[in-house]
Amino acid sequence: MPLDIVQIPVLNDNYVYLMREPQSGAVGVVDPAVHEPVLAELNKRGWTLTHIFNTHHHPDHVGGNMALKEATGCKIIGPEADAERIPGLDIAVADNEGINLGQETARVFDVPGHTRGHIAYWFAKSQALFCGDTLFALGCGRLFEGTPAQMWASLSKLRALPDDTRVYCAHEYTESNARFAVTVEPGNAALLARYDTIKALRAAGKPTVPSSLGEEKATNPFLRPMSANLRATLGLQAADDVAVFAETRKRKDSFRG
């Protein structure tokens, strides 16, 4: 049986995810920015929080850690590479390790770039990837503490997962990401069609997350440095993938569309 996953919108554009493993009743929360909406949802469903899964140290991902731990006694899981910056950390995990939520195991990926110690969690049986701020729908995180080469290596790890993987990213940035994406890959018919769908969803007040990894591979310019259309737009037809990724990220950083 797959995880029961509940998406909780918080702050301006963050998503927090509750997930319940149905056989054991274990309940995790991914990147709790704040605690009150999480506790409210737990009470509404009659669930008891057992684990917090942090992807990285930024306050809008760990801000609810200590209040939730105090309220529930849950265990906090986070990146070994950034252990000193994760409030209340109990279990430090690193690349290729497994961490259990009841009867389901998440594989951990070290995915530095946005921060030096960022990780992602892939629950293979539930086809669910919780990737924090590394991969977004039609985007990727800014490089605050890493290099383009690091981030492309991190994205390449996630890109290798199955196409039917659902991408549970941490922010509703998709419409603004799409506005940029169509400027650098204007010949991508799948991207243009997806942009129309995204505009309709947002106009109706509906989320665009989760997406599928197959969608991202077909339309997200940050996963597509090999695209001839993208390379032509950037004038980098003969460059390596890292250089194309770096230029795409640079242009996104200054995009005001």
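Q: How many helices and strands are there in the protein?
A: This is a predicted model. Its secondary structure includes both element types, and the count is nine helices and 14 strands.

Q: Why does the protein count as compact as a globular protein of its length?
A: The globule rule gives 18 Å for 257 residues. The radius of gyration of the protein is close to that value, so the protein is as compact as a globular protein of that length. The radius of gyration itself is 18 Å.

Q: What box do the C-alpha atoms of the protein fill?
A: The box is taken along the principal axes. Its rough dimensions are 55 × 40 × 30 Å.

Q: What share of the residues of the protein count as buried?
A: Buried means under 20% relative accessible area. Of the 257 residues, the share that counts as buried is 51%.

Q: What share of the contacts with a separation of 6 or more comes from residues 24 or more positions apart?
A: A contact here means heavy atoms within 4.5 Å. Among contacts with a separation of 6 or more, residues 24 or more positions apart account for 58%.

Q: Is Leu42 buried or exposed?
A: Leu42 lies in helix α1, residues 36–45. The cut-off for buried is under 20% relative accessible area. Leu42 has 3% relative accessibility, so Leu42 counts as buried.

Q: Which residues does Leu42 touch, not counting those up to four places away in sequence?
A: Leu42 sits in helix α1. Leaving out residues up to four places away, its contacts are Leu18, Val27, Trp47 and Leu49.

Q: What distance separates the C-alpha atoms of Leu42 and Lys157?
A: Leu42 and Lys157 are 115 residues apart along the chain. Their C-alpha atoms are separated by 33 Å.

Q: Are α5 and α6 roughly parallel or antiparallel to each other?
A: Helix α5 covers residues 174–184 and helix α6 covers residues 189–203. They pack at an angle of about 155°, with axes 10 Å apart. Angles over 145 degrees count as roughly antiparallel. The two helices are therefore roughly antiparallel.

Q: What is the handedness of the crossing of α5 and α6?
A: The two helices pack with their axes 10 Å apart. Their crossing is left-handed.

Q: Which residues in α6 meet α5?
A: On the α5 side, the residues are Thr174, Glu175, Ala178, Arg179, Ala181 and Val182. By class, the contact has seven nonpolar, one polar and four charged residues. The α6 residues are Leu191, Leu192, Tyr195, Ile198, Lys199 and Arg202.

Q: What covers the buried residues of α5?
A: The buried residues of α5 are Thr174, Asn177, Ala178, Phe180, Ala181, Val182 and Val184. Their cover includes β11, β12, α6, α8 and α9.

How values were computed: Residues numbered from 1 in each chain as written. Predicted model: local features only at pLDDT ≥ 70, side-chain atom pairs only at ≥ 80, totals over all residues. Heavy atoms only, no water. Axes fitted to C-alpha atoms, helices over the stretch in contact; angles between N-to-C directions. Helix = DSSP H or I, 4+ residues; strand = E, 2+ residues; numbered from the N terminus. Parallel < 35°, antiparallel > 145°, perpendicular 65-115°, else oblique. Left-handed = near helix turned anticlockwise from the far one by under 90°. Nonpolar A, V, L, I, M, F, W, Y, C, P; charged D, E, K, R; others polar. Rg over C-alpha atoms; globule rule 2.2 N^0.38 Å. Buried < 20%, exposed > 50% of the residue type's maximum accessible area, 1.4 Å probe, protein only.
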